[in-house]
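Keep side chains ready to show. The tour goes one selection at a time.

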Amino acid sequence: WFLLSYIGVISFSIQSYPIAPGLDWSWVYSLNYFAERGIKFGRDIAWTHGPLGFLVVPMNVGSNIAIGASFQLCLYAVFIATMIYLVSKNYFTNFQLFSFLLFLSGGSWTWELPRRWDYFICLLVLFFLSLSMKMGKKWLLPYIIAVLLGVILVFIKFSSALLAISSIVVFGLISGFFDKNRFLISAMITLMGIPILYALIYLSYHPSFMDMLHYLKDSIEIIS
């Protein structure tokens, strides 16, 4: 429990950004301005970040800081709650927990500062995929959480989302070597669930099917 408490301390980070001149700050301000003014990705703008990008780089524009801080706090709460569950069920040995602690503390120094929340979401996707492997017959819930986080990441930063979704696809393929039923279910969720979730989230943000396709096309072209 001491190691878990330490993980909770070093992984906690709720961040906002000041409004300041300079190239590095201009795109951050733009994401917050677009969100506040209702400028739509896929219709009005294309960028490496998406319509939810302001959540990970909130500025004092409208209520963006409160919304962004709430989102970051939710990610942290999901991470800590899952860690508490794992430790209480003895899924981790002390060595495994210590190894994870070293990885996490190392990442806090080597990641770009301020923290790249898109990287943290990728870490959570890998975390829940690993958890899915350890939970036996209860594997489906952490797998679905990983898929949901991967799809949400599409609307934060597309290149990071590709990394997360690629990990989900590879996990599904590897699972086929151990459990045919798990492979079939994970394949169905990946092939059908991800596109459906993507469509539902985008259309709730901006109800235009053509602009939804434009957003996907523009995002792929930008990172190509």
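Where is the place of N64? Select residues 64-88: this is helix α3, and N64 lies in it. Bear in mind that the model is predicted.

**Stop 1: N64.** Show its side chain. Is N64 buried or exposed? N64 has a relative accessible area of 3%. Buried means under 20%, so N64 counts as buried.

**Stop 2: the neighbours of N64.** Leave out residues up to four places away in sequence, then select N32, A35, E36, F54, P58 and M59; N64 touches each of these. Now put a distance label between the side chain of N64 and the backbone oxygen of N32: the side chain reaches that oxygen at 3.1 Å.

**Stop 3: helix α2.** Select residues 23-37, the 15 residues of α2. Check the length with the end C-alpha atoms, which are 21 Å apart. At 1.5 Å a residue the helix should span 21 Å, so the two values agree.

**Stop 4: the faces of α2.** Colour V28, L31, N32 and F34, which are buried. Look down the axis of α2: its buried residues fall within an arc of 160°, so they line one face of the helix. What do the buried residues of α2 pack against? Show α3 again, because that is the helix they pack against. Then turn to the other side of α2, where L23 and R37 are exposed.

**Stop 5: after α2.** Select G38, which follows α2. The phi of G38 is positive, near 75°.

Methods:
Residues are numbered from 1 along each chain as its sequence is written. This is a predicted model: local features need pLDDT of at least 70, side-chain atom pairs count only at pLDDT 80 or more; totals for chains, interfaces and linings use all residues. Side-chain values use heavy atoms; hydrogens and water are left out. Helices (H or I, at least four residues) and strands (E, at least two) are DSSP runs, numbered from the N terminus. Buried means under 20% relative accessible area, exposed over 50%, partly exposed in between (1.4 Å probe, protein chains only). A polar contact is a pair of N or O atoms within 3.5 Å; within protein, one must be able to donate a hydrogen and the other to accept it, and residues adjacent in sequence count only if both atoms are side-chain atoms. Contact means heavy atoms within 4.5 Å. The expected span of a helix is 1.5 Å times one less than its number of residues. The arc is that of the directions from the helix axis to the C-beta atoms.
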